[in-house]
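Here is a short walk through a structure in two stages. Keep the sequence and the model side by side as you read.

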Amino acid sequence: MAADALSRVFSALADPTRRDMVARLTLADATVNELAEPYDVTVQAVSKHLKVLEDAGLVSRSREAQRRPVHLEAEVFDLMTKWIERYRRQAEERYRRLDDVLRSLPEDIDPVPPRPARQPSSKPTQTGAKR
Amino acid sequence: MTTTSTHETQIIADPDVPLVRIVREFDATREQVFRAHTDPELIVQWLGPRDLTMTVDHYDCRTGGSYRYVHNRDGEEYGFNGTFHEVRPSELIVQTFSFEGFPDSVALERLMIEDIGDGRTRLTATSLVDSFEGRDAFLASGMETGVREGYERLDELLAR
């Protein structure tokens, strides 16, 4: 299921070591031993991290080459970044509408609106899909 | 995971806790920004997605108060509600946020309003949800246009 796939990508990147590994793989493919070098952990531990990244679809390992280098699936990584960017743009759109609202308010406005009725009013405040 | 843009909305998806932080600056006073977040007449003008009709059922923005609003599109209704945990005019709003379709799941939202001089105000909105899955669904939600296509593309990529 796609939502789970996205979650796997996010949670795979929730770990700092795995993020670091991904960052290094953006430069070039690397073997497990090469990846393990800078860390004070066993090759087995690095393999475990790689398994998580692999399950998330973020990296792949060549079956043919003897060194079996790890390769970053940049497309999956970009896709996730695009998702965040799309969310950001949506928030920006919302805040541009807020910019317009703020421009219409007097500078000395009371920050607290007149006390509303606690219960739903008979005529709720509503807006059409306005620009 | 951070996306930034000068002057524009910044989104930060925290890697360690299921949290999303949005930072934005406005050419307005703290009082104006606070009012636009608490006055239902104003909220309906900007909060809801453009293609939905937003109806505020009630919006009692004070410590201990509550709110409820409904988004409506083509006869389909999506209700949202929450309570105001702490409200300090022109400064802070701490509230819960729940989609009525999943009432057991609740997000904790904090809105900080800061004066940054020259009549400008910085708004920092954080939303803490109860799981990474929830956060990621939150990030993926509301992106009506393109999100399905995006999922399909991810499916294709992952199926390879």
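Start with A:Thr31. Its relative accessibility is 10%, and because buried means under 20%, A:Thr31 counts as buried. This is a predicted model. A:Thr31 sits in the loop between helix 2 (16-25) and helix 3 (32-36) of chain A. Leaving aside residues up to four places away in sequence, A:Thr31 touches A:Arg67 and A:Pro69.

Stay in chain A and step back to helix 2. Helix 2 of chain A packs against helix 4 (residues 43-55) of chain A at an angle of about 75°, and their axes are 10 Å apart. That angle makes the two helices of chain A, helix 2 and helix 4, roughly perpendicular. The residues in contact divide into six nonpolar, two polar and one charged. Helix 2 of chain A brings A:Thr17, A:Arg18, A:Met21 and A:Val22. Helix 4 of chain A meets them with A:Val46, A:His49, A:Leu50, A:Val52 and A:Leu53.

Now move to chain B. Strand 4 (residues 53-59) of chain B pairs with strand 5 (residues 66-73) of chain B over six bridges, in the antiparallel sense. These two strands of chain B form a hairpin with six residues between them. In its turn, B:Gly64 has a positive phi of about 90°.

Strand 5 of chain B also runs antiparallel to strand 6 (residues 76-88) of chain B, joined by eight bridges. This hairpin has two residues between its strands, and B:Asp74 in the turn has a positive phi of about 50°.

Follow B:Tyr67 across the strands. B:Tyr67 is the bridge partner of B:Tyr59. B:Tyr67 also stands opposite B:Gly82 in strand 6 of chain B.

Methods: Residues numbered from 1 in each chain as written. Chains lettered and ligands numbered in written order. Predicted model: local features only at pLDDT ≥ 70, side-chain atom pairs only at ≥ 80, totals over all residues. Heavy atoms only, no water. Pairing = 2+ DSSP bridges. Helix = DSSP H or I, 4+ residues; strand = E, 2+ residues; numbered from the N terminus. Buried < 20%, exposed > 50% of the residue type's maximum accessible area, 1.4 Å probe, protein only. Contact = heavy atoms within 4.5 Å. Axes fitted to C-alpha atoms, helices over the stretch in contact; angles between N-to-C directions. Parallel < 35°, antiparallel > 145°, perpendicular 65-115°, else oblique. Nonpolar A, V, L, I, M, F, W, Y, C, P; charged D, E, K, R; others polar.
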